[in-house]
Amino acid sequence: MTHASASTLNGEAAPRPSRPARYWLLRGLALALLLASCGYFGYHLWDNLHQLPPIEWGWSAVGVIALAVLGCLSSVPLIALMWQLLLRDQGVKLPYRQALQIIAVSQMGKYLPGNVGHFAGRVLLGSQAGIPAGKTIATMAMETFWVLGISGIFAVAALLFVVNDLHEGLVDTNHPGYLAAVAVTMLIAPFLAVRVVNRLLPGLSRKLGRGQLLTEPRLLTAMAVAGLIAFSFVVLGAVVELLAAELFQHPEINLLEMVLLFAVSWTAGFLVPGSPGGIGVREAVMIQLMGPAIGLETALGVALVMRLCSMGADALAFGTGLFFRPRPSPDPA
């Protein structure tokens with residue numbers, strides 16, 4: 001019997017392996033970037049709190065906020081539909097209602113430190129529903145690649161047609177080309193990744209697929225998922241436009257401009273490691289990019305209310321998902 005196993009039997013905890021210095025360095029940089037972004041947002045909020053456009057509270061304002069919450073909530077059924085389509089290509093038939101319930105509950109995990117709780121929650125709840133964890137992981141990877149690809153296309157359009165006009169000289173003419181190449185790579189990555197894993201690592205592929213090789217997504221599925229992702233960005237951009245035009249009384253606003261700028265802000269919050277739900281990062285970028293278009297005060301108000309509506313929508317989805325969670329069948333004994 002080894003010394004380690006003997007220590008365990010004697011009740012002594014085995015020493016944990018120390019983390020490498022690179023791990024702590026990356027965690028420190030992520031935390032510093034998160035704190036800087038939150039600080040930037042908090043600074044502008046405190047400095048301009050007294051300058052926020054007044055909100056005329058009434059049934060109209062309540063209706064606008066309710067529509068904004070519903071707009072943010074729309075991403076939950078869209079993600080559930082994307083997941084169902086991707087699982088179908090992998091030979092897993094998941095009822096849409098069950099997919100919706102799993103996504104509604106797991107999405108709240110994105111506010112946990114590390115910004116990966118919603119992915120872990122989907123794997124766990126999916127496994128309880130009989131979905132192989134490997135296939136859930138594979139479909140989430142495909143979904144993430146396509147989200148980055150579509151958001152990259154939106155970002156390219158924003159750089160070419162919006163950002164450089166609002167922030168003269170900010171965009172290098174080479175940057176959109178590089179970003180477009182990255183976006184295209186993200187769009188074709190799921191097809192290439194599955195093919196490479198199946199050919200070079202068939203054992204891993206069968207392990208992920210629970211005895212079966214992973215299946216390349218169908219082109220029709222890819223087009224449907226890409227369309228749903230793009231539609232989700234349009235809806236969220238429309239929520240930003242609604243808040244600016246109706247809640248903060250800034251009617252001179254361009255919907256397409258808000259859609260593109262919000263897509264850039266969302267992508268920044270998604271990519272920054274360790275930022276729970278993109279908090280701080282998304283708002284900081286929204287203020288920086290949208291300020292010249294709608295005014296710094298209005299951009300600050302929209303960013304704050306948009307975050308509150310988004311968190312309210314996630315909380316509503318979480319509560320509804322828990323309420324409709326399938327109850328375990330009673331033991332016949």
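Which backbone nitrogen lies 3.5 Å from a polar atom of the side chain of serine 265? The backbone nitrogen is that of methionine 286. The close-ups below are taken from a predicted model, and the first of them shows this pair.

**Figure 1. Serine 265 and its surroundings.**
Serine 265 is part of helix α11, which spans residues 255-271. A polar atom of the serine 265 side chain is 3.5 Å from the backbone nitrogen of methionine 286. Serine 265 has a relative accessibility of 0% and therefore counts as buried, the cut-off being under 20%. When neighbours within four places in sequence are left aside, the contacts of serine 265 are Arg282, Val285, Met286 and Leu289. Alanine 284 belongs to helix α12, residues 281-294.

**Figure 2. The buried residues of helix α5.**
Helix α5 covers residues 96-106. Its buried residues are Ala99, Gln101, Ile102, Ile103, Ala104, Val105 and Ser106. Which helices do the buried residues of α5 pack against? They pack against α4 (75-89), α6 (117-128) and α13 (296-323).

**Figure 3. The packing of α5 with α6.**
The axes of α5 and α6 are 8 Å apart, and the two helices pack at an angle of about 145°. Their crossing is right-handed. On the α5 side, the residues that meet α6 are Ile102, Ile103, Val105 and Ser106. On the α6 side they are Gly117, His118, Gly121, Arg122, Leu125 and Gly126. Sorted by class, this contact is made of 4 nonpolar, 5 polar and 1 charged residues.

**Figure 4. The salt bridge between glutamate 143 and arginine 122.**
The structure holds 5 salt bridges, and one of them joins glutamate 143 to arginine 122. The closest N and O atoms of this pair are 3.0 Å apart. Glutamate 143 is in helix α7 (residues 133-166) and arginine 122 is in helix α6, 21 residues apart, and the pair links these distant parts of the chain. Are the two residues buried or exposed? Glutamate 143 counts as buried because its relative accessibility is 8%, and arginine 122 is buried with a relative accessible area of 2%. Arginine 122 is also among the α6 residues that meet α5.

**Figure 5. The salt bridge between aspartate 314 and lysine 110.**
Aspartate 314 and lysine 110 form a salt bridge in which the closest N and O atoms are 3.2 Å apart. This pair links distant parts of the chain, with aspartate 314 in helix α13 and lysine 110 in the loop between α5 and α6, 204 residues apart. Aspartate 314 has a relative accessible area of 4% and is buried. Lysine 110 is buried as well, with a value of 15%.

A salt bridge joins the side chains of arginine 218 and aspartate 89, at 3.0 Å from N to O. Arginine 218 lies in the loop between α9 (202-208) and α10 (219-247), while aspartate 89 is in helix α4, so the pair ties together parts that are 129 residues apart in sequence. Which of the two is partly exposed? Arginine 218 is partly exposed, with a relative accessible area of 46%, whereas aspartate 89 counts as buried at 10% relative accessibility. Proline 217 is found in the loop between α9 and α10 and counts as buried, with a relative accessibility of 5%. The C-alpha atoms of proline 217 and aspartate 89 are separated by 5.9 Å, although the residues are 128 apart along the chain. Not counting residues up to four places away in sequence, proline 217 touches Asp89, Met142, Trp146, Pro190 and Phe191.

**Figure 6. The chain as a whole, for orientation.**
The chain has 13 helices and 0 strands. Of its 333 residues, 45% count as buried. Among contacts in the chain with a separation of 6 or more, 72% are between residues 24 or more positions apart.

Terms used: Residues numbered from 1 in each chain as written. Predicted model: local features only at pLDDT ≥ 70, side-chain atom pairs only at ≥ 80, totals over all residues. Heavy atoms only, no water. Buried < 20%, exposed > 50% of the residue type's maximum accessible area, 1.4 Å probe, protein only. Helix = DSSP H or I, 4+ residues; strand = E, 2+ residues; numbered from the N terminus. Contact = heavy atoms within 4.5 Å. Polar contact = N/O pair within 3.5 Å; in protein donor to acceptor, adjacent residues only side chain to side chain. Axes fitted to C-alpha atoms, helices over the stretch in contact; angles between N-to-C directions. Left-handed = near helix turned anticlockwise from the far one by under 90°. Nonpolar A, V, L, I, M, F, W, Y, C, P; charged D, E, K, R; others polar. Salt bridge = Lys/Arg side-chain N within 4 Å of Asp/Glu carboxyl O.
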